[in-house]
Amino acid sequence: MSDLATPQEAIRPGTAPGEDIALEFRGTADFDTSEMTLSIGPAHPATHGVLRIVMDMDGERVVDARPVIGYMHRGFEKLAEHRDYRQIMALTNRHDWLSGFNNELGVAVTLEKILQMEVPDRAQWIRMLMAEWGRILNHLMFVGSYAIELGAITPMFYAFREREDIQHLMESATGGRLHFTYNQPGGVKIDLPKGFLRQSDELLKLVRSRLPDYFDLVLGNEIFQARTVGIGPLDPALALRYGVTGPTLQACGIAEDSRVTEPYLKYGEIDVEVPVGRNGDAFDRFYVLLHRIRASLDMIEQIHDAMPSGPVNVKLPKMVKAPEGHVYGRIENPLGQLGYYLQSSGSKTPWRFKMRTPSFSNVQVLPHLLRGTLVPDMVAVLGSVFFVVGDVDR
Amino acid sequence: MNSELISLGESLADFDNFGLSVLVKVLAILAVFFVVPLVVGYMEHKAMAHQQSRLGPMEAGPHGTLQLVADGIKFAQKEDIIPTAADKWVFAMAPGVALVPGILVFAVIPFGPGLWAIDLELGLFYALAIGSFSTLGVLMGGWASANKFSLIGGIRAAAQLIAYELPLILAAAAVVVQAGTMNLAGIVGAQATFMIEGTSINVWYVFPQALGFAIFFIAAMAELARPPFDMPIADSELVFGYMTEYSGIKFAMFLLTEYGGMVSMSALISVLYLGGWQIAPGVALPGCAGAGLFDCGALGVVMGLGVMLGKIMFLSFLMVWARVTYPRLREDQLQKMSWLVLIPLSLVNLAIVAVGKVVL
């Protein structure tokens with residue numbers, strides 16, 4: 001990785017997982033207790049998907065936790081070897097189903113790199129606009145689901161109200177609500193419909209006016225703070241060792257974001273704000289998530305102002321063939337860094353197609369965060385290390 | 001104090017024929033127990049929906065009013081699943097053990113002038129004692145399900161009951177000290193004649209005992225395992241806690257216990273702190289003689305019942321509001337809040353009330 005910003009403030013001492021909690025249970029030391037193994041998942045409300053976590057528990061305290069992944073392995077990487085490049089885009093917006101547009105954008109960026117293709121300006125700005133709306137869609141989902149895991153039901157309904165509007169907007173341009181398949185090598189499929197920017201601007205104002213509700217209702221809530229502050233603090237060094245990225249890494253105080261450190265599209269031409277946390281605990285992760293929504297809204301405003309006119313795609317041959325060679329393309333997905341490694345033998349399908357998905361790396365760090373927590377904290381940690389199981393298992 | 005008021009407590013259902021009188025009382029209690037919680041449940045559906053920018057049930061009956069009836073019918077039709085590893089007798093008995101005390105509490109609750117089944121001298125003591133039996137059913141269900149999630153849920157419920165019974169009783173004790181009686185109708189009567197010292201302005205006990213009211217309300221929510229104190233259920237951690245393995249009518253019985261508990265606790269709060277069926281402090285019910293609370297005509301009885309139900313609905317709404325707003329507390333935070341905050345505060349409250357009673 002290139003230049004990393006340093007954490008602004010040192011991690012508070014004495015918050016290693018379990019240190020403070022062990023004291024509260026000192027009274028049970030006299031009893032002859034045995035550990036219980038509890039299997040959370042693969043079908044459990046807290047894992048939003050089919051992640052399974054095998055926990056050894058002493059009462060309510062988690063002694064050890066082992067995530068078991070693979071229940072949703074769908075073989076995307078192998079499947080991609082038998083699909084041409086345009087089909088791969090339809091494939092990739094399904095592994096992380098909450099950030100469909102960003103996934104296919106990653107393929108497009110990777111492919112254009114190996115094809116050395118010039119993408120029209122307008123197409124690049126449209127892609128950025130859609131990518132930021134897609135990022136907000138994804139983050140809203142996690143805002144709602146994290147609150148519901150902590151027992152607050154209302155933010156979920158608020159988030160879905162906003163998501164519905166955003167999906168409606170994106171549908172008007174792409175025709176899809178979840179799986180957009182709007183990109184193609186060298187641009188986007190069709191131009192934006194008439195009046196799209198005006199609608200997008202109205203929606204921007206609406207979402208921005210409703211954003212304070214989330215800050216007040218969730219972030220400002222005393223019980224929410226009691227449940228999350230100091231829970232599951234992630235050490236920045238450990239996070240880097242495990243390849244944790246996205247809001248989870250930024251919450252540790254590391255402002256790593258490929259939109260800034262290695263700009264793609266036209267991200268170099270607008271101000272990209274990367275919110276960072278300080279302690280890397282569950283509260284900071286959620287704080288960063290909410291502020292990323294706000295930052296994306298600011299970016300969308302800049303994109304509206306800068307949107308040029310012109311063509312939105314280039315003329316493609318009947319069959320797109322990547323030249324022989326290999327390339328690695330990476331973009332900043334809502335959940336962290338998404339990378340596609342493409343090895344081509346010059347035919348119409350890739351010879352090898354490997355994914356580096358953010359959720360996979362984020363989940364690996366879970367045992368370190370879960371050890372020594374209580375069962376309710378397990379939920380608070382699990383929900384705050386943002387991941388999508390389809391993105392973990394591919 | 002007010003001994004003549006306390007002895008006025010005679011139930012409207014006391015006839016010369018003892019058998020008929022018992023029958024009417026049992027039917028009335030059952031009617032209240034099965035109808036009022038449904039209304040509260042409907043209110044919860046709608047109040048939650050409108051706070052969450054949605055409509056809630058709309059199809060079953062006008063504006064979804066019959067939704068819970070439809071749910072009841074659905075529950076009755078469902079297969080009654082008993083896990084093979086379960087302790088079958090305990091598993092089957094648990095919902096009943098939880099439900100019956102919930103019904104029994106209603107025997108002493110005064111819903112209006114003369115609208116109670118038994119006028120116990122120790123009414124408050126009886127209500128709090130019987131009410132806490134429900135947790136036994138919860139614990140039984142958690143143990144007998146042979147499911148780890150259920151077990152944790154059941155044990156959490158037991159821990160929660162032990163922790164929150166104390167502040168609940170201590171707060172109620174302060175009311176007993178002030179009213180000088182444990183008779184629920186007597187407490188209502190005592191509030192109607194309670195004046196601010198040195199004036200003739202009538203106030204309810206929520207005024208001198210605002211602290212006690214807050215403690216009782218919080219502890220009551222914790223007793224009922226209502227959010228934000230719903231750790232025994234905690235659907236995101238424990239699937240559905242002690243109810244995980246229950247289905248069909250047994251599950252419905254647990255649900256009914258919860259909503260019945262909401263009604264009885266709200267009724268207790270309004271009796272203890274909000275003047276029972278009194279419309280406003282110092283205002284007599286129409287058609288009533290004396291202090292305007294007992295010895296009423298038909299209009300007064302109906303008005304009293306309406307006022308009481310309105311207060312129950314309002315207090316239940318506050319509980320629903322808390323559910324919509326707050327996430328769930330953690331188990332150790334819950335225990336800490338009870339032992340380190342609520343219990344000391346309720347002792348302080350009791351001391352203040354007792355000193356005030358003696359000095360003033």
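This is a predicted model: local features need pLDDT of at least 70, side-chain atom pairs count only at pLDDT 80 or more; totals for chains, interfaces and linings use all residues.
Biologist: What makes strand 2 and strand 3 of chain A a pair?
Modeller: Pairing takes at least two bridges by DSSP. Strand 2 (residues 52–58) and strand 3 of chain A have 7 bridges, in the antiparallel sense. They therefore count as paired. One of the bridge partners in strand 3 is Asp64(A), which faces Asp56(A).

Biologist: Why are strand 1 and strand 3 of chain A said to stand at the edges?
Modeller: The open sheet has 3 strands in the order 1-2-3, with antiparallel pairing. Strand 1 (36–40) and strand 3 (61–68) each have a single partner strand, so one side of each lacks a neighbour in the sheet. The twist averages 20 degrees from one strand to the next.

Biologist: How do you know that the span of helix 2 of chain B agrees with its number of residues?
Modeller: Helix 2 (residues 18–51) has 34 residues, so at 1.5 Å a residue it should span 50 Å. Its end C-alpha atoms lie 49 Å apart, which agrees. After the helix comes Ser53(B), with a positive phi near 50 degrees.

Biologist: Which residues make up the contact between the chains?
Modeller: Chain B gives 21 residues and chain A gives 26. Helix 10 (235–238) and helix 13 (331–359) of chain B each give two or more. By class, the chain B side has 7 nonpolar, 5 polar and 9 charged residues.

Key:
Residues are numbered from 1 along each chain as its sequence is written. Chains are lettered from A and ligands numbered from 1 in the order in which they are written. Helices (H or I, at least four residues) and strands (E, at least two) are DSSP runs, numbered from the N terminus. Axes are lines fitted to C-alpha atoms, for helices over the stretch in contact, and angles run from 0 to 180 degrees between N-to-C directions. The expected span of a helix is 1.5 Å times one less than its number of residues. Two residues are in contact if their C-beta atoms, placed from the backbone, lie within 7 Å. Ala, Val, Leu, Ile, Met, Phe, Trp, Tyr, Cys and Pro count as nonpolar, Asp, Glu, Lys and Arg as charged, and the others, Gly among them, as polar.
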